[in-house]
Amino acid sequence: MQKIIYIVLISLLVSSCGSSKKRSSRTVIKTKTTKTRATNTSSNKKIKSIIQYAKTFDGTRYKYGGTTKKGMDCSGLVYTSFKKEDIILPRTSRSMSTQGTKVSLKNVAIGDLLFFKTNKNKNVINHVGLVTSIGNDIRFIHASSSRGVTISSLKERYWSKCFVSIRRIL
């Protein structure tokens, strides 16, 4: 709730300052770590909707190839959540990792996709998560084979060791 109020206040401040030149539909959002990112307002709404929908699957058991509340895998969660906003992504985490724009860890934003290599025997991306919050900690929702759909932290030793890259779709 504080973050929403903060974003609204920043938006009001930005819109009340400056000259009378025509403004674009882009707003600047400051994160808790004082990084800024220009984001299209309609993209912000879609990102919020995607994350909110993904969170409705919290607690759903893991099922390889699953895309419903009966069972979900990591790429199924991301695929289904983006599809709700008419954004069609590839169905596998490996294929998803080629979509959008590569982003550095210092520029990560809510709605970005995190990619991991969790299989030590294979050197391929095989896991994806959706960033739900940033600040002192990057948190992401994903479908874990051991815990089902859950929110984890990139600070957790396991996830930080397996982390590979970030891609921005919106």
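Here are figure legends for several close-up views of this predicted model.

Before you look, note that residues are numbered from 1 along each chain as its sequence is written, and that side-chain values use heavy atoms, with hydrogens and water left out. Because the model is predicted, local features need pLDDT of at least 70 and side-chain atom pairs count only at pLDDT 80 or more, while totals for chains, interfaces and linings use all residues.

**View 1. The whole protein, to get your bearings.** You are looking at 5 helices and 10 strands. Helices (H or I, at least four residues) and strands (E, at least two) are DSSP runs, numbered from the N terminus. Of the 170 residues, 41% count as buried. Buried means under 20% relative accessible area, exposed over 50%, and partly exposed in between (1.4 Å probe, protein chains only). Contact means heavy atoms within 4.5 Å. Among contacts between residues at least 6 apart in sequence, 49% join residues at least 24 apart.

**View 2. Glu85, a buried charge without a salt bridge.** Find Glu85 in the loop between helix 3 (74-83) and helix 4 (93-96). Glu85 is buried yet has no salt bridge, and the nearest side chain of opposite charge, Lys84, is 4.5 Å away. For charges, Lys and Arg count as positive and Asp and Glu as negative, with His and the chain ends not counted. A salt bridge is a side-chain nitrogen of Lys or Arg within 4 Å of a carboxyl oxygen of Asp or Glu. What Glu85 does have is a polar contact, side chain to side chain, with Ser49 at 2.6 Å. (A polar contact is a pair of N or O atoms within 3.5 Å; within protein, one must be able to donate a hydrogen and the other to accept it, and residues adjacent in sequence count only if both atoms are side-chain atoms.) Leaving out residues up to four places away in sequence, Glu85 touches Lys46, Ser49 and Ile50.

**View 3. Lys46, a neighbour of Glu85.** Lys46 sits in helix 2 (residues 41-55) and is partly exposed, with a relative accessible area of 32%. Again leaving out residues up to four places away in sequence, Lys46 touches Glu85, Ile87 and Leu170.

**View 4. Arg91 and Asp73 join up.** Their side chains meet in a salt bridge (3.1 Å, N to O). Arg91 lies in the loop between helix 3 and helix 4 and Asp73 in the loop between strand 4 (71-72) and helix 3, so the pair ties together parts that are 18 residues apart in sequence. Arg91 is partly exposed at 27% relative accessible area, whereas Asp73 is buried at 6%. Helix 3 itself is mostly covered, with 9 of its 10 residues buried, including Cys74, Tyr79 and Phe82.

**View 5. Strand 10 and its partners.** Two strands pair if DSSP finds at least two bridges between them. Strand 5 (residues 101-103) pairs with strand 10 (residues 163-168) in the antiparallel sense over 3 bridges, and Thr101 has Arg168 as its bridge partner. Strand 6 (residues 113-116) also runs antiparallel to strand 10, joined by 4 bridges, with Leu113 opposite Arg167.

**View 6. Asp112 reaches Arg168.** Here the side chains of Asp112 and Arg168 meet in a salt bridge (2.8 Å, N to O). The pair links distant parts of the chain: Asp112 is in the loop between strand 5 and strand 6, and Arg168 is in strand 10, 56 residues apart. Both Asp112 and Arg168 are buried.
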